[in-house]
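Okay, thanks for coming, everyone.

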Amino acid sequence: MKKYILLISLSVVILIISSCSSNITFTNDDTITETKESSTMTQSTVPTNETSNIDNELHPQPPDDITWLSPAKVYIDNFHENGRAEWILTVHNGNQTAVEKKICITEPNETIVNIDLKYIIYGDKSSIKLESDNPNDNLEVTGIVGDDSITVKGFVSDQSRIIIIEYPYYSKYNISYRLPDHPLEGYVSAPKKVQDWVIITDSTPVLAPLETREILIAVEMPAGEVIKAKNWEFWISVMDVTTLGIVTTEICSRWLVTMRD
Amino acid sequence: MKLLRWVDFKPHLIVTMIVALLFMLIPFAIPQPVHAATTADVTVNATPSYIAISCNVSEYDFGTVATSSTTNSSTGYFGITNTSTVQTDQTISVTSNWTGGVGWTHAEDASPGADTAGMMAARSGQSWVTVTSGNPPYVYENCAALTDYTFGLSLLAPTSYSDGVEKSITVRVSAAAG
């Protein structure tokens, strides 16, 4: 008798596992069908390579050395309380190499110097180029200390020079929710509470030179919440916070939400 | 009294262990989504497109400015390279007040005062607009895809200063699809 009970239990377990697996398969198939049928991209999970190809055909991607985001606009329709919508925001880092100019004065008997750099170095010491205006120097990077410092040998002691250091570096980005400067016609700025509903899976990515990163953005409207406006809008802002100057640039993706009737 | 031997236990033990093992495998057998997907009746779609702008100038020095003076860069000084593949609306704003020593307050209406400075901007060939921190004005509305442009900045110096320490401020150009 016990043997039969155990065998029945085993069968039930196998059935549970097989039914769960088939549900997941169905969801994936459904998503692929939506993508193929739509002239734009429609997404409920992570985009496939297939959608990326569509992307390239319609709008040629900017050159590699340009920082960009995609897509420019995301439309959410039939949104409602307890609903969730998500999309992948793609961010490309067009930054490659930094160039720093430094004045370096060596003490008597000093031929090896540690130099701090502004950014996090990408790659190994062979990727760092050095140039000195002192013809007596024979500079060579012997090592990287921490993330943003190098050890250089070959200085002539007790002399001064200007050195130029060129190196590939990581760029830090800040990805954040924000209200639109000017909403599109027919839309209003999202209510303040929407800020708490937007999820950015990686809001401070650090990107290698020419790296492209996919970041999931989701908006979840809690149960019981109400938004009176039929159409509302928020932006997802992408800013390179590594290279700052008097003028900074910000690129934004518009998220345009239409509520269910 | 009947003594149970190992051989009596063995078949049951094996089956029990298999069942236990299968239960342990359930979490691995069911794919665990990293996140919940879009709700079934909500649709999300996007037109493939890219937003990309950069500024070719990282520094600008207005020099020593007199009280109540106005100092302009040329409207061709700051270049924006626009590689966006769609039409964009681009705004200009400041991100904070002026810093350095006794900081200056940024005047949202570009009216200078004591330790209060204004700033204006103009795209080449266009009229000057007041640069604000909130509700920023367009520096280029309906900028066509792949269209570069230049702009200038104007500093309206305070009517009086508390100190002569160098001040700085950050100007932001933002681009979003139009």
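**Charges, cores and a sheet**

So, let's start with the charges: Arg84(A), Glu86(A) and Glu220(A) are linked in a network of salt bridges. By salt bridge I mean a side-chain nitrogen of Lys or Arg within 4 Å of a carboxyl oxygen of Asp or Glu.

Quick housekeeping before I go on. This is a predicted model, where local features need pLDDT of at least 70 and side-chain atom pairs count only at pLDDT 80 or more, while totals for chains, interfaces and linings use all residues. Residues are numbered from 1 along each chain as its sequence is written, chains are lettered from A and ligands numbered from 1 in the order in which they are written, and side-chain values use heavy atoms, with hydrogens and water left out.

Arg84(A) reaches Glu86(A) with 2.9 Å from N to O, and Glu220(A) with 2.5 Å between the closest N and O atoms. What does the Glu220(A) contact tie together? Glu220(A) sits in strand 15 (residues 212–220) of chain A and Arg84(A) in strand 4 (residues 84–92) of chain A, so the pair joins parts that are 136 residues apart in sequence. Strands here are DSSP runs of E, at least two residues, numbered from the N terminus.

Are these residues buried or exposed? Buried means under 20% relative accessible area, exposed means over 50%, and partly exposed is in between, using a 1.4 Å probe and protein chains only. Arg84(A) is at 8%, so it's buried, and Glu86(A) is buried too, at 0%. Glu220(A), at 33%, is partly exposed.

Now another pair: Asp261(A) and Lys230(A) form a salt bridge, at 2.3 Å from N to O. Asp261(A) is in the segment after strand 17 (247–259) of chain A, and Lys230(A) is in the loop between strand 15 and strand 16 (231–240) of chain A, 31 residues apart. Asp261(A) is exposed at 87%, and Lys230(A) is partly exposed at 36%. Over all chains, the count comes to 15 salt bridges.

On to the greasy bits. A nonpolar core is a set of buried Ala, Val, Leu, Ile, Met, Phe, Trp, Tyr and Cys residues joined through side-chain atoms within 4.5 Å. The largest one has 66 residues, and those with the most contacts inside it are Ile76(A), Phe79(A), Phe234(A) and Phe151(B). Strand 17 of chain A gives the largest share, 5 residues. There's a second, separate core of 17 residues, including Val113(A) and Ile128(A).

Next, a sheet. It's an open one of 3 strands, ordered 6-9-8 in chain A, with antiparallel pairing; strands pair if DSSP finds at least two bridges between them. Strand 6 (112–116) and strand 8 (140–145) of chain A are at the edges with a single partner strand each, so one side of each has no neighbour in the sheet. Strand 8 and strand 9 (residues 149–153) of chain A are joined by 5 bridges, and Val145(A) has Ser149(A) in strand 9 as its bridge partner.

Take Cys55(B): the nearest cysteine sulfur, on Cys143(B), is 14 Å away.

Methods: A disulfide is a pair of cysteine sulfur atoms within 2.5 Å. Helices (H or I, at least four residues) and strands (E, at least two) are DSSP runs, numbered from the N terminus.
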